[in-house]
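Me: I'd like to learn how to read a two-chain model from its computed features. Could you walk me through one?

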Amino acid sequence: MNIFFYIAAAIAIISTMMAISGRNAIHSLLFLILSLLAISVVFYLLDAPFIAALEVIIYAGAIMVLFIFVTMMLNIGLEQKQEKQWLNPRMWIIPSILAAILLVDLMLALRNMPPAVAGVQQIQPKQVGISLFSTYLLAVEIAAILLMAGVIGAYHLGSQKKKVLHRFLEKK
Amino acid sequence: MLTVPVETQLLFAGILFFLGLIGLLVRRNLVFMLLSIEIMFNSAGLVFIIASHHWNQPDGQVMFIFILAVTAVEVAIGLALILQVYHHFKTLDVDKINKLKD
């Protein structure tokens with residue numbers, strides 16, 4: 001099992017380095033998604049399959065998609081010659097190789113998974129949920145307030161300024 | 001069973017954290033800076049999961065869920081602020097966004 005951990009960790013580190021050193025924002029975001037997937041494999045190996053699923057669904061699925069939307073809205077990436085860059089193998093060969101290694105890693109880890117035996121106890125999602133809603137109930141409520149504040153704040157900051165003048169009175 | 005020593009696992013989390021820190025310090029683009037903060041949040045969560053695995057307690061996973069909520073809020077507010085900054089200054093270079101009023 002250890003070799004899977006080392007492979008996933010190496011992929012996470014390499015793709016994070018590519019993400020923070022890239023020139024193009026979209027490429028960096030895609031490398032970061034790869035890094036998050038590798039970290040999710042590490043979570044799976046650390047006996048936290050529920051957290052691994054949350055990492056893929058929320059981090060790679062929701063937060064990174066938000067990033068990519070904003071990056072595309074702002075047109076940060078280079079628009080010219082983009083098609084040519086996409087067709088350039090240098091652009092996609094490294095992420096493809098890393099992602100393929102990660103896939104093989106995950107499949108081998110799943111295959112070599114020992115059957116669930118009674119002695120070794122794994123933390124189940126049920127246990128996490130019980131702990132979340134009994135010991136940490138106050139923290140859940142605080143997190144709910146924080147999310148509410150975040151929604152209101154993002155709505156307020158994201159709203160465009162309303163026009164008050166008639167269109168004939170606008171300064172050109 | 002995973003028998004990687006816990007020091008190695010923590011070293012992995014530490015490397016990820018410092019990569020995020022380097023990115024935050026080196027890059028001058030606001031989107032990249034927010035991305036680096038994400039990397040650091042994620043490595044902090046990784047430390048919680050490692051501790052949860054090490055002590056065989058569910059508390060670390062609970063903390064990771066809270067980190068997830070905080071990260072989601074931070075990204076939403078941060079990206080809204082980035083949009084406003086871009087509409088106002090027409091750039092995302094933090095060296096050029098150094099005036100409180102213009």
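This is a predicted model: local features need pLDDT of at least 70, side-chain atom pairs count only at pLDDT 80 or more; totals for chains, interfaces and linings use all residues.

Me: What is that share in chain A?

Reply: In chain A, 66% of the contacts with a separation of 6 or more come from residues 24 or more positions apart.

Me: What does the radius of gyration of chain B look like beside that of a compact globule?

Reply: A compact globule of 102 residues would come out near 13 Å, but chain B has 17 Å. Look at the C-alpha trace of chain B as well: along its principal axes, the span is about 60 × 25 × 20 Å. As for burial, 35% of the 102 residues in chain B are buried, and for the 172 residues of chain A the figure is 29%.

Me: Now the interface. How many residues of each chain are in contact?

Reply: The size of an interface is often given as the accessible area lost when the parts come together. Here we have residue counts: 47 residues of chain B are in contact with 49 residues of chain A. On the chain B side, α1 (6-26), α2 (30-55) and α3 (59-89) each supply at least two residues. The most come from α3(B), with 22 residues. By class, that side of chain B has 35 nonpolar, 10 polar and 2 charged residues.

Me: How do I describe a pair of helices across the interface?

Reply: Two packed helices are described by the angle between their axes and the distance between the axes. Take helix α3 (residues 49-74) of chain A and α3(B): they pack at an angle of about 5 degrees, with their axes 11 Å apart. Angles under 35 degrees count as roughly parallel, so α3(A) and α3(B) are roughly parallel to each other.

Me: Which residues meet there?

Reply: From α3(A), the residues include I51(A), L54(A), I58(A) and L66(A), and from α3(B) they include F64(B), L68(B), V75(B) and Y86(B). The residues of this contact divide into 15 nonpolar, 2 polar and no charged.

Me: Let's finish with one residue. Is P95(A) buried, exposed or partly exposed, and why?

Reply: P95(A) lies in helix α5 (residues 89-111) of chain A. A residue is buried if 20 or more other C-beta atoms lie within 10 Å of its own, and exposed if 12 or fewer do. P95(A) is partly exposed because 16 other C-beta atoms lie within 10 Å.

Me: Which residues does P95(A) touch?

Reply: Leaving out residues up to four places away in sequence, P95(A) touches L30(A), F31(A) and L34(A). P95(A) is also 9.8 Å from I11(A), C-alpha to C-alpha, although the two are 84 residues apart in sequence.

Terms used. Residues are numbered from 1 along each chain as its sequence is written. Chains are lettered from A and ligands numbered from 1 in the order in which they are written. Two residues are in contact if their C-beta atoms, placed from the backbone, lie within 7 Å. Helices (H or I, at least four residues) and strands (E, at least two) are DSSP runs, numbered from the N terminus. Ala, Val, Leu, Ile, Met, Phe, Trp, Tyr, Cys and Pro count as nonpolar, Asp, Glu, Lys and Arg as charged, and the others, Gly among them, as polar. Axes are lines fitted to C-alpha atoms, for helices over the stretch in contact, and angles run from 0 to 180 degrees between N-to-C directions. Angles under 35 degrees count as roughly parallel, over 145 as roughly antiparallel, 65 to 115 as roughly perpendicular and the rest as oblique. The radius of gyration is taken over C-alpha atoms; the globule rule is 2.2 Å times the number of residues to the power 0.38.
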